[in-house]
Every structure is written in structure tokens, then in C-alpha cells.
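Me: Could you help me see where the words used for a protein model come from? I would like each one checked against its definition.

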Amino acid sequence: MNDSPGSTAGLAPDVLASFETHRRELCAYAYRMLGSSFEAEDAVQETFTRAWKSYASFEGRASLRSWLYKITTNVCLDMLDGPQRRARPMDLSGPSRPESPLPAPQPDYVWIEPIPNALAFGADPAEHASAKDTLRLAFVAACQHLPATQRAILIMREVLRFSASETAEALTMSPASVNSALQRARATMSKVQPAATDSYDETDEDQRRLVDNFVKAFEAYDMDTLTSLLKQDVALSMPPIELWISGPENVAAFMLGTGSACRDSRLVRLAGANGLPAFGHYKPGAEPGVWVPWSITVLELDGDTIAGLNFFLDTEKLFPLFGLAPELREPVS
């Protein structure tokens with residue numbers, strides 16, 4: 001085996017296995033920092049590569065977990081060395097009229113992407129529950145308003161519950177500087193973070209019923225029933241298209257107009273994205289009895305209503321990430 005950057009020559013298998021036990025939490029951290037599931041995976045892989053190369057200098061003065069977080073932070077800061085921040089369509093402009101023509105898609109680096117639950121959550125249900133709120137699309141989008149170092153400090157202190165001294169060590173700062181930056185980050189977040197929506201609890205019968213009713217109404221294209229499930233200020237968005245629609249009546253008008261190609265769609269239930277209900281959305285293809293990828297659809301919930309309809313249209317990248325088939329076919333009788 002050679003000593004290329006990705007080489008693990010000379011490292012015991014148990015060391016490599018110890019890295020892997022932290023993969024999901026590091027991926028979730030990198031996703032909060034970067035707003036992209038693909039960049040988060042790349043960041044963790046680069047973290048492990050750097051850790052493999054420098055493991056001989058790891059002296060155990062900090063825990064392996066803290067050391068890996070320090071490396072991941074440096075990787076993310078390197079990746080964030082530029083002015084671009086990811087956003088959601090509603091962060092960039094006001095709502096559009098349902099009859100508005102669709103603008104041209106923006107590049108993928110403009111948008112917050114969804115992340116599969118399987119990439120971000122471990123097997124521990126308690127850990128899963130505590131992480132959900134800070135993986136919400138709105139929280140991740142709000143974090144993008146912070147300068148990169150403030151973003152890291154906020155996540156490490158408020159989400160991961162690192163101490164000021166641990167955070168200072170990871171960022172090569174003083175604890176006083178960390179605390180000062182945290183106060184500035186909190187002030188910014190209080191201005192840009194939207195009202196919280198509910199986490200999704202698979203054991204909650206009311207939430208399950210709400211999601212099931214959405215699927216039935218959407219697949220039947222029953223706009224009366226669908227709009228009855230939506231919050232009054234519901235937002236429908238479709239990255240990489242900047243246009244977004246607000247309000248149940250406007251959502252229905254859009255679905256029956258510009259969005260009418262979604263009639264007779266099929267929704268395939270996923271294990272979740274960002275701790276929320278999610279589906280692989282297939283729309284009718286040119287061939288009868290065949291449905292083709294249209295979006296990863298993620299729902300945001302608020303009480304007994306749906307507050308957000310997020311249709312992520314970059315299916316070429318996202319369908320493989322979520323393990324979805326390239327088409328659906330009507331079963332042959």
C-alpha cells in the first residue's frame with residue numbers, strides 16, 4: 001500500500017474503526033457548517049485523511065472525538081474561504097405570484113440541500129431527538145448568515161455542548177474570544193432565525209396522520225383536501241429555482257397551473273431528511289405507466305398543519321444519495 005493522502009498504511013484496524021464511530025456526528029456538524037450534504041461527506045472524508053496522516057502526532061491530550069472535531073472544523077473553514085453562503089429561496093426574495101413564470105435554475109452551490117437522516121443521526125434515539133431541531137432547514141439556513149468562525153463557535157457551544165475551553169482549543173483562540181464571538185453569533189441568530197417548526201416524531205399518531213393525509217391528497221391531486229392541511233403562511237419552494245409561493249390558495253393555484261405536471265405523481269416514503277418527513281417524488285414520464293424523478297420532497301410541520309413544502313429538484317445528485325430508483329413502473333399484471 002502506498003502513502004498517498006488517502007492511505008491508511010501503518011494504522012491498526014481498531015484505529016480506523018474508532019474514526020468511523022464518529023462519522024455521522026461529524027457529518028452532521030459539517031452539514032450545519034456548509035449547508036450541503038455532499039460537501040459534508042467530502043469534509044468528513046478529508047478529516048479522516050488528515051487524521052490518518054497525522055495520527056502519529058496525536059498524543060491523546062484531548063479525546064479522539066475532540067481531535068477529530070478540531071480537524072473537521074479546520075476542513076470546513078478551508079471550504080468556506082469565500083463570500084458565497086447557501087440559502088433557501090425565501091431568504092433571497094419575497095414570494096411570487098402562482099402564475100409567475102419559472103426563472104432559470106440557479107447553480108447548486110446557492111442552495112441549502114437536504115441531508116438523509118441516515119447520514120446525520122446515530123442509532124441512539126435520544127441523540128436523534130436532540131439533534132433534530134438543529135438540523136432543520138431553517139436552522140441550517142440561519143447559520144449561513146454567520147461568519148464562518150462564529151458559525152463554528154455557535155454550533156460547538158450551543159449544539160454540541162463543547163465548553164468554551166474545548167472550543168477555544170479547536171479554533172486556536174482564547175476562551176474569552178470564543179465567548180465574545182458566541183454573543184455576536186447569538187445576536188445575529190435572534191434576528192435571522194425564523195420561528196421554530198415542530199420536529200417530526202414517528203410515534204406521534206397525529207403527526208403520522210397529517211403526513212399520511214398529505215400523501216393521499218397529493219397523489220389524488222385533491223387541492224381542497226391538500227390546502228386544508230396547510231398552514232396559512234405555508235411556503236412552497238423548489239431549489240434550484242428561486243421562485244417560492246406562500247399561502248394555501250396560492251399553492252393550490254400554482255399546483256393547478258405551472259405545477260400541473262405533478263398531477264398523478266407518486267411519493268415514495270423515505271427514512272427522513274433533516275429529521276423531517278421526506279419522499280422521493282416521481283412524476284408521470286413520457287411513457288405510460290412510468291414515473292420519473294422529480295424531487296426530494298421534505299415537509300415542515302407546525303402543530304396540526306404543514307408549514308413548508310420543499311421540493312428539491314436536483315434529482316440527478318439527490319436520488320442516488322437517498323438510495324432511490326431511477327424510475328418507477330406500473331406492475332405488470
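**Checking the words**

Me: Why are helix 3 and helix 4 called oblique to each other?

Reply: Helix 3 (residues 37-54) and helix 4 (residues 64-79) pack at an angle of about 125°, and their axes are 9 Å apart. Axes are lines fitted to C-alpha atoms, for helices over the stretch in contact, and the angle between N-to-C directions runs from 0 to 180 degrees. Under 35 degrees counts as roughly parallel, over 145 as roughly antiparallel, 65 to 115 as roughly perpendicular, and the rest as oblique. The pair is therefore oblique.

Me: What should I know about the model itself?

Reply: This is a predicted model, where local features need pLDDT of at least 70 and side-chain atom pairs count only at pLDDT 80 or more, while totals for chains, interfaces and linings use all residues. Residues are numbered from 1 along each chain as its sequence is written, and side-chain values use heavy atoms, with hydrogens and water left out.

Me: What makes a stretch a helix or a strand?

Reply: Both are DSSP runs numbered from the N terminus: helices are H or I with at least four residues, strands are E with at least two.

Me: Which residues of helix 3 and helix 4 meet?

Reply: Contact means heavy atoms within 4.5 Å. Among those meeting are E39, A43 and R50 in helix 3, and W67, L68 and I71 in helix 4. The contact divides into 8 nonpolar, 4 polar and 4 charged residues. Here Ala, Val, Leu, Ile, Met, Phe, Trp, Tyr, Cys and Pro are nonpolar, Asp, Glu, Lys and Arg are charged, and the others, Gly among them, are polar.

Me: Why are helix 2 and helix 9 called oblique?

Reply: Helix 2 (residues 23-34) and helix 9 (residues 148-159) pack at about 140°, with axes 10 Å apart. They are therefore oblique to each other. Helix 2 brings Y29, R32 and M33 to this contact, and the residues from helix 9 include A148 and R151. The contact has 7 nonpolar, no polar and 2 charged residues.

Me: What makes a space a cavity or a pocket?

Reply: On a 1 Å grid over the protein atoms alone, a cavity is a set of points where a 1.4 Å probe fits but cannot get out, and a pocket is an open set with protein on both sides within 12 Å along at least five of seven lines. Grid points are joined across faces, edges and corners, and a volume is the space filled by probe spheres set on the points. The largest pocket has a volume of about 480 Å³. Lining residues have an atom within 4 Å of a point; of the pocket's 21, the closest to its centre are R88, M90, A138, P194 and A235. The largest cavity has a volume of about 40 Å³, and its lining includes A87, R88 and P239.
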